[in-house]
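This report describes the fold and the helix packing of the structure displayed here.

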Amino acid sequence: MFDIRIICDSCDVDVITRRLSSAFDISDVSRPYPARGGDRVRLYLRADHSQCVTIDRASAAAAQGWPDAETAYKGAPPVLKEMNNVLELSLQLGRPGGRTPAAEREQRLRKAALLDRIALDEADAFAPDVAADAVGAAEAAALALARTDHAQGHGELPKDHVAVASYRGYVRQEYARWLAGQ
């Protein structure tokens, strides 16, 4: 648990409190106190690490109509086997004639799905700060997949990463479609 002091404009108090509560378990939010100069306020609150980030991102994915991880990865190979598959796909891209748009997309999709699955395992097994690197890698791969798909004429336009908590749901949707076509 830790304490946070915030100095902000009074009109930003609700937005700041709402955003902090999506990342932390917030308790003991004080009433706003005037800051020096009178035009800003001070907030004092107590916070603790939480699993809220994962839950909020899952609800954002559900709001987009994206499938959950259990549905998307049903029938997927085990993580270690998929690591080998992604490595083999990456090696194929370096061989003569191996670099095709379909092969590049499959490699990018399967890599993003693999990173998502690893991040899910890490988030289940460890505290959020320990799993943060795996989650960050999964989110970066998901956003890269969404951007590339959109640039190539399919998929949705990636929005600002703050507005959409994560494109990992998009990866799950596309992986489930790909897996169904196999």
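Leaving aside residues up to four places away in sequence, Arg 105 touches Asp 149, His 154, Tyr 170 and Glu 174. The model is a predicted one. Arg 105 belongs to helix α5, and it counts as buried because its relative accessibility is 15%, under the 20% cut-off. Arg 105 and Leu 145 are separated by 40 residues in sequence, yet their C-alpha atoms are 8.1 Å apart in space.

## Overall architecture

The protein chain contains seven helices and four strands. Along the sequence, these elements follow the order β-α-β-β-β-α-α-α-α-α-α.

Of the chain's 182 residues, 36% count as buried. The accessible surface amounts to about 10,800 Å², and carbon and sulfur atoms account for 54% of that area. Among contacts between residues at least 6 apart in sequence, 65% join residues at least 24 apart.

## Packing of α4 against α5

Two packed helices are described by the angle between their axes and the distance between the axes. For helix α4 (residues 79–93) and α5, the angle is about 150° and the axes are 9 Å apart. The two helices are therefore roughly antiparallel, as the angle is over 145 degrees. The crossing of α4 past α5 is left-handed.

On the α4 side, the contact is formed by Val 79, Glu 82, Met 83, Asn 85, Val 86, Leu 89, Ser 90 and Leu 93. Their partners in α5 include Ala 103, Gln 107, Arg 110, Leu 114, Ile 118 and Asp 121. By class, the residues of this contact comprise eight nonpolar, three polar and seven charged.

## Packing of α5 against α6

The axes of α5 and helix α6 (residues 128–151) come within 8 Å and cross at roughly 155°. This pair, α5 and α6, is therefore also roughly antiparallel, and α5 passes α6 in a left-handed crossing.

The contact of α5 with α6 has 14 nonpolar residues, one polar residue and five charged residues.

## Packing of α5 against α7

Helix α5 (residues 101–125) also packs on helix α7 (residues 168–180), at an angle of about 120° and with the axes 9 Å apart. That angle makes α5 oblique to α7. The crossing of α5 past α7 is left-handed.

## Residue pairs separated in sequence

Gln 152 is located in the loop between α6 and α7. With a relative accessibility of 42%, Gln 152 counts as partly exposed. Gln 152 and Pro 101 lie 51 residues apart in sequence, with a C-alpha to C-alpha distance of 9.4 Å.

Ala 23 is part of helix α1 (residues 13–23). Its relative accessibility of 27% means that Ala 23 counts as partly exposed. Between Ala 23 and Ala 47 the separation is 24 residues in sequence and 9.4 Å in space, C-alpha to C-alpha.

How values were computed. Residues numbered from 1 in each chain as written. Predicted model: local features only at pLDDT ≥ 70, side-chain atom pairs only at ≥ 80, totals over all residues. Heavy atoms only, no water. Axes fitted to C-alpha atoms, helices over the stretch in contact; angles between N-to-C directions. Parallel < 35°, antiparallel > 145°, perpendicular 65-115°, else oblique. Left-handed = near helix turned anticlockwise from the far one by under 90°. Buried < 20%, exposed > 50% of the residue type's maximum accessible area, 1.4 Å probe, protein only. Contact = heavy atoms within 4.5 Å. Areas by Shrake-Rupley, 256 points an atom, 1.4 Å probe, with all protein chains shown as cover. Nonpolar A, V, L, I, M, F, W, Y, C, P; charged D, E, K, R; others polar.
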